[in-house]
Each structure stands twice: as C-alpha cells, then as structure tokens.
Protein chains: 2
Amino acid sequence: MKKCTIFYVSDGTAITAETVGHSLISQFRDIEFKQIRIPFVDSEEKAQRAADEIKAEHTECQPMVINTVVNIDHRIIIHSGGGLKLDPFNQLLREIESNYNIKRSPIVGRAHGKVDSKAYTARMDATNFALLHDDGMSVSYDEADIILLGVSRSGKTPTCLYLALQYGVKAANYPLTEEDLDKLKIPDRILKHKHKVYGLTIDPFRLSQIRGERRAGTQYSNQRQCQREVSDAESMYLSNGIEFLSTTNTSVEEISGKVLQALKLNNRLH
Amino acid sequence: MKKCTIFYVSDGTAITAETVGHSLISQFRDIEFKQIRIPFVDSEEKAQRAADEIKAEHTECQPMVINTVVNIDHRIIIHSGGGLKLDPFNQLLREIESNYNIKRSPIVGRAHGKVDSKAYTARMDATNFALLHDDGMSVSYDEADIILLGVSRSGKTPTCLYLALQYGVKAANYPLTEEDLDKLKIPDRILKHKHKVYGLTIDPFRLSQIRGERRAGTQYSNQRQCQREVSDAESMYLSNGIEFLSTTNTSVEEISGKVLQALKLNNRLH
C-alpha cells in the first residue's frame, strides 16, 4: 500500500486542520497515512521548523499539508517545505466575503483559543455535573439535561463526559442494577424525568469481552449473564418507550450526536 | 449588527462541518451568527426537512450552509433550500485525486462514525485512567503519559478528561496540597516522573472567583489565600524546571494542545 504523510499545521491547536484531515483521508482507502500535527506555529522560526519537517517527509509520495496558519509570511515559509497545499478555508472565506459584501478580520488561533467566560463556566459546570452524577451516584436528576441508562460497561461514562466537554450539556448516567433488571422496572426517580432519558445497549458478546478485560472468568463477564442483562435492558427500554441505540460499533462522537438529536438539545458552548 | 444563520448539515455527527464553521465565522466579527446543526441526514426525507429548515431562515441574510453530506441526490435536495453552499471538501478531494492520480471511495459518515476497536479501547482505557487518577487519588503514576500539577480549581480535571477522550492519552493529575505548598516541595513520587509532569497556573483573582462560586466567603476562596497558593505553585514549578502555563483565558483544547506539544506526545487514536 502506498504510504503518504499528511501534516496538520496551525497557529492554534490544529484541531480544525486535523478534523478536516480525518475527513479527507477517510475517503482514500488505498493509501496508508502517517499523520503529523504541528500546532502553535506563530513565529518565523516555528514556520521554518515545520517546513523542514515537511521536507524530510518527501518519500515515495509528496506530503500533503493542511495549513490553517493565518499569517501570510509564515504560510509562505511553511510551503517552502514543498508539500501539496490543502487550504480548506481560503476559498470559502472569499465566497462569504463576496456574497455578503463584507471583509474578514483575521486573528491568529481564534477558533479554539480564548473562550468567553460564559462558555467556559458552562463547560466546567457540565463536566463537574457529569463527574458528580456518574454511575448513579446522585439521587436528584432535576438539573440534568440528559439521563443515560445502560448496563455496566455499555459506554455511559465516556459519553456523558464527551457531552459535557464538547457541548456543555449536563448528562447524568444511571447503571441498571441487578435489582432493576430482575424486576424489569426502571426506578421511579428516573422515570419521572422520562423526557430526558435515553438508553444505551451493546452487543452481549462485545460486552462480555470488555468486562472480561477487567474481570476475566467472573459471573460479571460471563457471556450468558451479559446476554440476559442486555436483553432485559432492551425490554425495559421498549416497554417504557425509551429511545435507545447500540454502542457496539459506534464512536463516542456518534452516540453523543444521536442522543442530542433525539432529545432536541443544542450545543451550549457556541 | 447583521444577523445570519449558518447550518451544519451532515450525514454523520456534523462535527467536521461544525468545526469548519466555527473557524469560518470566527473571522467575521460584524455578523451575529445563529448556528443550527442538522446531523445524520441519510435519507431523502431528512434532506427535505433540512431544506425546509434552511428556507425558513431566509431573513435579512441568506443563510450559509456547510454541507458535508456525501450522497449527491441528498445534496441537491438540501441545496434546494437556497442557502449559500459552502463545501469545504469537494475541491480539496479533487486536488488530491489529480495530484496523486487516485480516486476517492466515498462512504457516508465515515469521519466520526465507526471506529476500529483498538482506538476504542485506547480511548476507554485513557478515560478510565483519568477518572481513577483524578485529584491525586492514585499513588502510582507509572502508567501515566502525563501528570498535571496545579492548585485546586486550576483546570486539571477537564484537561485530563479532554486529553483522554480526544487523544487517548493517559493523564493523571495531582492537586498541590496545603502541605506541599507550605514546604514548597513537590512530593518525590511525582518528581521521579518529572519528564512527564506539566504545571497549570491561573490568575489568582479568577481563581478566587471560581472557588467563590462553590464556597463563597470561605478561606478556600479568599483572595489572599488564592494569591499565596498560586505564587507558591509557580515558585515550585520554576525551581524544579517544570514547564507550566496559565489556564486563565485558555480553552481546554488549547491547554491540551500545549501540554501534548511540550511532552512530545501524539494523538493515540489516529
């Protein structure tokens, strides 16, 4: 397989460049990509170092360079490294300028840089909320935007944390207990917030594998036990009309996106 | 101020479209943007609903539409809504195709969709690690990629969680205690891992404000107390040669990026 290097060069975190890059390279499956992030390029020296790194990656394939640096002098230095220039913004910015008859006011590293303190506080509050309301720890769900249900190790905690950090949304989670599953009953203190409840499920074989990595050979990771728990959980979602999805082959990003959409919640940070 | 609506329409999570959008609109400060995410557009019905939403936002300003939907029929329906088409990928994909003489193989929602199980496991492990090693809870830091130091409420926990979820990096954090600060001494069990230690600091007035939101009128949130703690922490970083940064006006993304760069760590998920 052909091997190519792709650089993400930015005057900020390089998150935007990297996100765009992942989308691009996911469309080319016949190339094996080596990805190199070069963030915070905000001086001629750093631009020169980036150019040198790019030069060194001219192997069987010209390296690709996603460059979101704003400063024009630095851009020129970076491109002296000779990679294929891929600029995701310049043309779009020009289209916006001409269509709306406005001018951009470029500022270095703005997209993920300094944030206003309202967004900062929303994010911190949501993160603290997720930590305090992890694993059924809290008894009050009044403040929650979302309550995720699921059996142990079905993906609740990372999803809650991601929802907090990425969207500033307050997500609690409640693990369905042995008792809940035996009774096939979701506790009333959860059900009274049904409009903000969402269920997670998972392939029982995958669950058994995940649990086995922590506690091999136990009842907890036993395959039949996992099958029973998952089947009981799904029955409970169905009988209560709770929307749910399987996390088996689903990234945390995608789970979060689907939960937000189902509960009609927006990004609280932008 | 002129008001415009910008849509992020995607067959996946819309994270890429939204990330690109944030970068674009951060360059135009004379417009107040209303942002609307429409993820998981994977049928003609959903495309039609997106088009209807776009039509309804034609107010004083033609809405902008960042559309990363792959299916061409769906794209056409979406653009019947009449927004300004902003496609960040099409041109870049064509440049790559012609430059390397290859063809894309478009697959819907790939960028943030299904993930390989190695990356999934790395991310879960890192998230669990961050939770288990939060707030100095663990005594062993052997497995950590990063150990963040800082006084209480300086931003350690959200940074560790972000590093885990976004980069699959194992980040522990250790809160400098009253005793550490009095002795001006970082514990030996931390210092022996000095190559992976990074310090956080914060403006003492901001710290006092943050602490006051949780415990107003206490010694903990007292301004002089905060000043003393911050000044002691910074002295300790300096005398031990530990790199540090201020989180005061810095986003979690930017803190994470700088820490990764300083410790020469890469994204473990891609």
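Analyst: Two residues are in contact if their C-beta atoms, placed from the backbone, lie within 7 Å. This is a predicted model, in which local features need pLDDT of at least 70 and side-chain atom pairs count only at pLDDT 80 or more, while totals for chains, interfaces and linings use all residues. Residues are numbered from 1 along each chain as its sequence is written, and chains are lettered from A and ligands numbered from 1 in the order in which they are written.

User: What share of the interface residues of chain B are also interface residues in chain A?

Analyst: The share is 100%, so the copies meet through the same surface.

User: How does the radius of gyration of chain A read against that of a compact globule?

Analyst: The radius is taken over C-alpha atoms, and the globule rule is 2.2 Å times the number of residues to the power 0.38. For 270 residues a compact globule would have a value near 18 Å, but chain A has 24 Å. The C-alpha trace of chain A spans about 70 × 45 × 30 Å along its principal axes.

User: Is strand β5 of chain B largely enclosed or open?

Analyst: Strands (E, at least two residues) and helices (H or I, at least four) are DSSP runs, numbered from the N terminus. A residue is buried if 20 or more other C-beta atoms, placed from the backbone, lie within 10 Å of its own. In β5(B), residues 146–150, five of the five residues are buried, so the strand is largely enclosed by the rest of the structure. In a regular strand the side chains alternate between the two faces of the sheet. B:I146, B:L148 and B:G150 lie on one side of β5(B), and B:I147 and B:L149 on the other, all buried.

User: Which strands pair with β5(B)?

Analyst: Two strands pair if DSSP finds at least two bridges between them. β5(B) runs parallel to β6(B), residues 171–175, over five bridges, with B:L149 opposite B:Y174. Three bridges join β5(B) to β7(B), residues 197–201, also in parallel, and there B:I147 has B:V197 as its bridge partner.

How values were computed. Buried ≥ 20, exposed ≤ 12 C-beta atoms within 10 Å, placed from the backbone.
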